[in-house]
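Trainee: I have a new model to read. Can we go through it step by step?

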Amino acid sequence: MAFASDTRGKLDDAQAQIARLRDQVESLMKDRVTPAVSDFAGRAESAVHSASGVARDQAQYVSGRVKDQPMMAILIAAAAGWIVGRVMR
């Protein structure tokens with residue numbers, strides 16, 4: 001019977017240690033990992049917003065240049081098409 005009692009005590013002790021470790025991991029996740037992920041997500045969202053703004057501004061700039069100089073735009077498009085055609089052969 002002493003053997004069973006000793007084994008039961010060790011099992012209870014191991015379960016208590018596991019519970020403490022689980023609490024520590026949850027605390028670390030809440031205190032360190034979650035804020036880091038949140039910060040990263042905020043930075044990524046800001047970068048996407050900035051990149052979309054730059055792309056929109058560049059598209060408006062190119063559109064304005066095409067309206068101002070349509071013949072130049074046609075020549076550039078034809079040259080680019082010719083170069084792509086030569087490369088693809």
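Predicted model: local features only at pLDDT ≥ 70, side-chain atom pairs only at ≥ 80, totals over all residues.

Trainee: What is the N to O distance in the salt bridge of Arg43 and Asp39?

Mentor: Side chains of opposite charge can pair when their charged atoms come close. A salt bridge needs nitrogen and oxygen within 4 Å. For Arg43 and Asp39, the N to O value is 3.3 Å.

Trainee: Where do Arg43 and Asp39 lie?

Mentor: They are four residues apart. That is about one turn of the helix. Both sit in helix 1.

Trainee: Is Arg43 buried, partly exposed or exposed?

Mentor: The cut-off for exposed is over 50% relative accessible area. Arg43 has 58% relative accessibility, so Arg43 counts as exposed. For Arg43, then, the answer is exposed.

Trainee: Which residues form the nonpolar patch on the surface?

Mentor: One member, Met29, is in helix 1. Met29 is partly exposed at 42%. Together the patch has about 340 Å² of accessible area. Its members are Val25, Met29, Val33 and Val37.

Trainee: What is the radius of gyration of the protein chain?

Mentor: The protein chain has two helices and zero strands. The globule rule gives 12 Å for 89 residues. The chain's value is well over that, so the chain is more spread out than a compact globule. Its radius of gyration is 32 Å.

Trainee: What share of the 89 residues counts as buried?

Mentor: Buried means under 20% relative accessible area. The protein chain exposes about 8100 Å². The buried share is 1%.

How values were computed: Residues numbered from 1 in each chain as written. Heavy atoms only, no water. Patch = residues over 30% accessible without salt bridge, like charges linked within 9 Å, V, L, I, M, F, W, Y side chains within 5 Å. Areas by Shrake-Rupley, 256 points an atom, 1.4 Å probe, with all protein chains shown as cover. Salt bridge = Lys/Arg side-chain N within 4 Å of Asp/Glu carboxyl O. Buried < 20%, exposed > 50% of the residue type's maximum accessible area, 1.4 Å probe, protein only. Rg over C-alpha atoms; globule rule 2.2 N^0.38 Å.
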